[in-house]
Amino acid sequence: MNAIESEQMISESRFSRLDSKIFVIAVTLTGFLLVTAMLGFFSYQRQLSIAESAANELARAIESDLHHNENFADAVSVLYMRLKRDQTRGTHLQQEYDREHHIYGVNLYENQPNSALRGTLQSVRPLTKEKLQLAQAIDMATEIESKDSRYSKMERRYFFSRDNYFMYIANKMPLSQFVFQPDSSKNYGIFTMPQYGVWLNQKLRTEPAARSVEVSPVYIDSISGSPVITVQHAVLDQNRDDIVLGWLCFDYQQSELQEIVHSLGIHKKNRFLNVFLLDKQTNTEFRIVGESSDGKEMRSSINERYEVIVSISPLRYYLTQSGRTDLIILALIMLCFIAIYLIYSSTARVARERALRDPLTGLYNRSLLQNLEKQKAITPGALVMIDCDEFKFINDTHGHPVGDSALRHIGQSIIARINRETDYAIRMGGDEFLIVFENASVSQAQACMQRIEHDISQFSAEMKLSISYGVTEIARDMPMNEAIAHADSLMYNAKRGAS
């Protein structure tokens, strides 16, 4: 064993027989993981809070639209009643007839628009005054409605009569694009694209409707190929015991729902959120923004049929400003722990070094020797015991500072001559020193000691400084105390011979 290996062995045996470096790393890593877990928990809770707030906000916005449609239907009912009572306001419109499709109506032709109504009225029977008044009531309700509201900008708004014989589209639709086709046998009221024969709306109820929201299941729109939900409310005849005149409908397409999400700032600020509508009766999801996620979902009910689902994509979260802030905090914490580890490791290394070294001479102290004896780590070589001659006289005559200087000179002389990669020197205490030469013969050790003895004698011209020493062989498996005792005996014999 060389000196470096011995030093490592000593440092391992100190600190309660644990590897202090591994211990420091384990403690630092454990602390870092705990702090990271806490930061991750708070970050996750913040994400859940954002998702929950978004779900509740979107559910309220959609509910507001549903109530708006119900209020709009009620307004049409009241305005229709007023138009019927106001005999002075006559309705004189030039209705048109399309012979190809056998449909009566107003604003049927794109190249010959009739501007009396804002939208398009289509009927399989000649138009009556009541039908025109009902269409005018819808126009009046539209005028009262705020032009800047999100609801007023929806494209799919239309009215179906209870008997399925006519419909009124809130904006102008030319007959070349859409044709109303009732089918009383199936209780359908539909409008279709003639060239494709595509149905664009769902089945409507023919029995008197309750005044609650009626929402269709999620279905795929045949034109756009996107999911659609139809919401419908009854328009009632106020003078006839609340008889249902028809249903005012609008279709929630993906674009309408996305507009709500963007108007609320949900996706603009939090692009890590995935927003869906869930039809609880059919268990059908209606994707609004984002993608499906296996992460935690926050839900908010709209009515008995639908609820908003907002889930989290953690990877996208950490690409946002909030997520980057979390990562920066985590990086700073990691740097702090690395700094703590480096400081502690450096401090522990210095402490171990001080524990192993004699502060006066810089040589090893007896701790090394004690551990060598315990570990039985002696390899064949030579061992030298050294004692300073007349050291007590030096201290008494010249003072302890000079004595300390002499000891330092002895230590420096020894270190300068031995091989520090294979040999090591120990200050046993006072003015006694020990040198272990690994893989060296007694003659080689004696030759080195002659050079050391000469260097020591050069301490001062005014004061003689000399040493006595004994050199012995360290045989394989030889106990250290036996080798020390033999070298010590030889050293005392040399000391007596010198005197």
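Helices (H or I, at least four residues) and strands (E, at least two) are DSSP runs, numbered from the N terminus. The model is predicted: local features need pLDDT of at least 70, side-chain atom pairs count only at pLDDT 80 or more, and totals for chains, interfaces and linings use all residues. Residues are numbered from 1 along each chain as its sequence is written, and side-chain values use heavy atoms, with hydrogens and water left out.

**View 1. Glutamate 390 lies in the loop between β17 (381-388) and α9 (391-398).** Its phi is near 55°, a positive value in a residue other than glycine. Is glutamate 390 buried or exposed? Glutamate 390 counts as exposed because its relative accessibility is 58%. Buried means under 20% relative accessible area, exposed means over 50%, and partly exposed lies in between (1.4 Å probe, protein chains only).

**View 2. Asparagine 439 lies in the loop between β19 (432-438) and α11 (442-457).** For asparagine 439, phi is near 55°, a positive value in a residue other than glycine. With a relative accessibility of 65%, asparagine 439 counts as exposed.

**View 3. An open sheet of four strands has the order β14-β13-β16-β15.** The pairing is antiparallel. β14 (284-289) and β15 (297-301) stand at the edges with a single partner strand each, so one side of each has no neighbour in the sheet. From one strand to the next, the twist averages 25°. Axes here are lines fitted to C-alpha atoms, for helices over the stretch in contact, and angles run from 0 to 180 degrees between N-to-C directions. Strands of a sheet pair through backbone hydrogen bonds, either parallel or antiparallel. Two strands count as paired if DSSP finds at least two bridges between them. Strand β13 (residues 273-279) is joined to β14 by five bridges, and the two run antiparallel. Aspartate 279 stands opposite threonine 284 in β14. Helix α4 (residues 254-263) packs on the sheet and touches β13 and β14. The direction of helix α4 makes about 55° with that of β14. Contact means heavy atoms within 4.5 Å.

**View 4. Leucine 48 is placed in helix α2 (residues 20-85).** Which residues does leucine 48 contact, leaving aside its neighbours within four places in sequence? They are Lys296, Met298 and Ile312. Leucine 48 counts as buried because its relative accessibility is 11%. Leucine 273 is 225 residues away from leucine 48 along the chain, and their C-alpha atoms are separated by 10.0 Å.

**View 5. Strand β12 (residues 243-253) is mostly covered.** Ten of its eleven residues are buried. Strand β4 (residues 157-161) pairs with β12 in the antiparallel sense over five bridges. In this pairing, serine 161 stands opposite glycine 246 in β12. Strand β11 (residues 227-237) also pairs with β12 in the antiparallel sense, over ten bridges. Leucine 236 has valine 244 in β12 as its bridge partner.

**View 6. Ile328, Leu332, Met334, Leu335, Ile338 and Leu342 make a nonpolar surface patch of about 570 Å².** Patches are made of residues with over 30% relative accessible area and no salt bridge; like charges are joined within 9 Å, and nonpolar side chains (Val, Leu, Ile, Met, Phe, Trp, Tyr) within 5 Å. A salt bridge is a side-chain nitrogen of Lys or Arg within 4 Å of a carboxyl oxygen of Asp or Glu. Accessible areas come from the Shrake-Rupley method with a 1.4 Å probe; for residues, only the protein chains shown count as cover. Methionine 334 is found in helix α7 (residues 321-356). At 37% relative accessibility, methionine 334 is partly exposed.
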